Amino acid sequence: METYDALVIGSGHNGLAAAALLGDAGLRVAVLERSDRIGGATVSERDRWPGYTISAASYVCSLLDPWLIERLDLRSHGYDAYRKDPASFTPLLDGRSLLLGADERANAEEIARFDPDDVSGFADFEREASALGSALFDSFSEMEPHFERFAPNVRTALEGSAAALVERHLRTPVLQATLATDGLIGTYRGPFDAGTGYVLAHHYAGRAFGVQGAWGFVRGGMGAISQALLSAAQARGVRAYTDAAVARLLLEGERVVGAVTADGREFRARAVLSNAHPVTTYRDLLGEAHLDDSTKRALAQWESIGPALKLNLALGELPNFTARPGTARQPHHRATIHVAPDLGFLQRAHDDARRGGESEEPMLECFMQSPTDPTLAPPGKHILSIFAQYFPYDRPGGWNAERRDAAAEKIIARLARYAPNIPNAIEARQLMVAPDLEERFGLIGGHIFHGELLPGQIFERRFDVRSAVNGLYLCGSGTHPGGCVSGFPGRRAAQAVLADRVPA
Ligand SMILES: Cc1cc2nc3c(=O)[nH]c(=O)nc-3n(C[C@H](O)[C@H](O)[C@H](O)COP(=O)(O)OP(=O)(O)OC[C@H]3O[C@@H](n4cnc5c(N)ncnc54)[C@H](O)[C@@H]3O)c2cc1C
């Protein structure tokens, strides 16, 4: 048996952030991770294909808490990010395309080619989305978040649809669809569905590089964030164990006093923080018998059916887009590449899945970091990381090998319509559908955010940091402010433990 002041179950970036902050406050802390590597969904894989580093799950960063970066001095532990610019590239089948980035004049030229009136509309949209994102960000570290604190017009925008937000300012279909995609990431809803306005604003909440809503790449891949957090935690005396799946929590009376691993190791602590999905924490580790009625109700209603699929491709050359030809490195290769020509396309992609199990023509969001960070692939080679929807966890008939292959082929064929050289450039591929995300990362229902980030599951309606059982805290994305690589859930949980004066 080992005894600590605090025990953290799970080494996702939030678990590591909580552990490092508690270590910083002088507590003796251990982290127990079920898998053989740390980081959860914030991970870089180096052992899959020789010479490649893959951000296997999350791939871009915006929301990482600047306070956390400073407080733990993450840069001195290897964290380094750079802005993704251009930000987005959306090719069309008629040979046109839309490229947007940090340069306002270049954006205006791009947009004016479609509709000159949308130049000012785009500025208006950016202003509104940034204001919403900024309001959210200011609430992310609050210990008692309340959605009702927002002004009525802000609440209306967040409770509405992503389509309403973009249509209010813009008319160009491809511009509407490119911007609305942020409201759909990870979310089993279409752009016209209520609440996707919140998801869009959540993706504008980050302040990376001091710019509201800017996204960036992390040097060395997303795992560099977890590694920096681990290193910062270890520098503060935290011990981290991999291959240490917690099987159950230890209780004394009605107080959680530790955890037991699947191989029988016992760890005791005054505070136990769970970074695992709330369903795992409550149903599997604590057990139904110890749940109060309100937690039981919350679990029964919790929406955590993920619609996302991740396909990582090793490419022998860069995609050659018909709309911007060439396999030599060009600005659009650095951007998020969208397959999303209009809002109707996105809604159909969603509706198909509700009706028949998956999108006939899926929404694709693709990234290539290798053009800006050549250390991630062998010379001349690249990684194309594809995030696709909608391929839901609960598709009728389940996910067998044949369906997995068919989904990958469908996505590749779709991309090939815009960049015909892709199929022949593929040298290896890694596919993860929602059940794979569940198995590998413990994401219940394969939901990338530990549950939908929609009104009804945000702010005070997300799970509480303090559980209903003494001694047990939640420190993962199931708590406010939810998913994305931010560190806020970990920070809030550490603050709760310290406020409750769990003694060192
Ligand atoms: C495919 C994909 C793409 C994404 N893309 C982005 C992106 O580009 N940008 C972005 O900001 N966000 C993205 N996200 C979301 C983001 O990665 C997550 O919201 C975030 O990483 C969750 O962090 P976490 O620390 O809360 O939990 P997790 O990373 O889920 O970590 C939880 C940890 O708990 C461990 N665990 C579970 N049960 C046990 C147990 N019984 N015992 C011990 N350990 C246990 C798990 O193994 C895991 O390591 C993406 C997610 C996925 C899956």
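These legends accompany several close-up views of one predicted model.

**View 1**
The predicted protein contains 16 helices and 18 strands. Its radius of gyration is 22 Å, close to the 23 Å that the globule rule gives for 504 residues, so the protein is as compact as a globular protein of that length. Along the principal axes, the C-alpha atoms fill a box of roughly 70 × 55 × 50 Å. Of the 504 residues, 55% count as buried. If you look at contacts with a separation of 6 or more, 73% of them are made by residues 24 or more positions apart.

**View 1. Two domains side by side.**
The protein is divided into domain 1 (2-81 + 219-303 + 443-499) and domain 2 (85-214 + 307-392 + 394-432). Their centres, taken over C-alpha atoms, are separated by 27 Å. Where the domains touch, 39 residues of domain 1 are in contact with 32 residues of domain 2. On the domain 1 side, β4 (54-55) and α16 (488-499) each supply at least two residues. Helix α16 gives the most to this side, with 5 residues. Sorted by class, the side of domain 1 that touches domain 2 has 23 nonpolar, 10 polar and 6 charged residues.

**View 2. The shell around the ligand.**
Now move in to the ligand, which is surrounded by 40 residues. The closest are Gly10, Gly12, Gly40, Ser58 and Gly483. Why does the ligand lie between domain 1 and domain 2? Both domains give residues to the shell around the ligand, so it lies between them. Two helices, α1 (13-24) and α15 (434-441), each supply at least two residues of this shell. The largest share, 3 residues, comes from α1. By class, the shell divides into 21 nonpolar, 16 polar and 3 charged residues.

**View 3. Helix α15 and its buried face.**
This view stays with α15, one of the helices that supply residues to the shell around the ligand. Within α15, Ala434, Leu437 and Phe441 are buried. Seen down the axis of α15, the buried residues fall within an arc of 55°, so they line one face of the helix. What covers the buried residues of α15 includes β17 (426-432). Just after the helix, Gly442 takes a positive phi of about 75°.

**View 4. Two cis peptide bonds.**
Here is some background for this view and the next: most residues other than glycine have a negative phi, and most peptide bonds are trans. The bond from Asp85 to Pro86 is cis, with omega near 5°. Pro86 lies in the loop between β5 (81-83) and β6 (88-91). The bond from His480 to Pro481 is also cis, and here omega is near 0°. Look for Pro481 in the loop between β18 (472-474) and α16.

His450 has a positive phi of about 60° although it is not a glycine. You will find His450 in the loop between α15 and β18. Is His450 buried or exposed? His450 is buried, with 33 other C-beta atoms within 10 Å. Cys484 is a residue other than glycine with a positive phi, near 100°. Cys484 sits in the loop between β18 and α16. Cys484 counts as buried, with 24 C-beta neighbours inside 10 Å.

Note on methods
Residues are numbered from 1 along each chain as its sequence is written. This is a predicted model: local features need pLDDT of at least 70, side-chain atom pairs count only at pLDDT 80 or more; totals for chains, interfaces and linings use all residues. A residue is near a molecule or strand if its C-beta atom, placed from the backbone, lies within 6 Å of it. Helices (H or I, at least four residues) and strands (E, at least two) are DSSP runs, numbered from the N terminus. Ala, Val, Leu, Ile, Met, Phe, Trp, Tyr, Cys and Pro count as nonpolar, Asp, Glu, Lys and Arg as charged, and the others, Gly among them, as polar. Domain bounds come from an automatic or database domain assignment. A residue is buried if 20 or more other C-beta atoms lie within 10 Å of its own, exposed if 12 or fewer, and partly exposed in between; C-beta atoms are placed from the backbone. The arc is that of the directions from the helix axis to the C-beta atoms. Two residues are in contact if their C-beta atoms, placed from the backbone, lie within 7 Å. The radius of gyration is taken over C-alpha atoms; the globule rule is 2.2 Å times the number of residues to the power 0.38.
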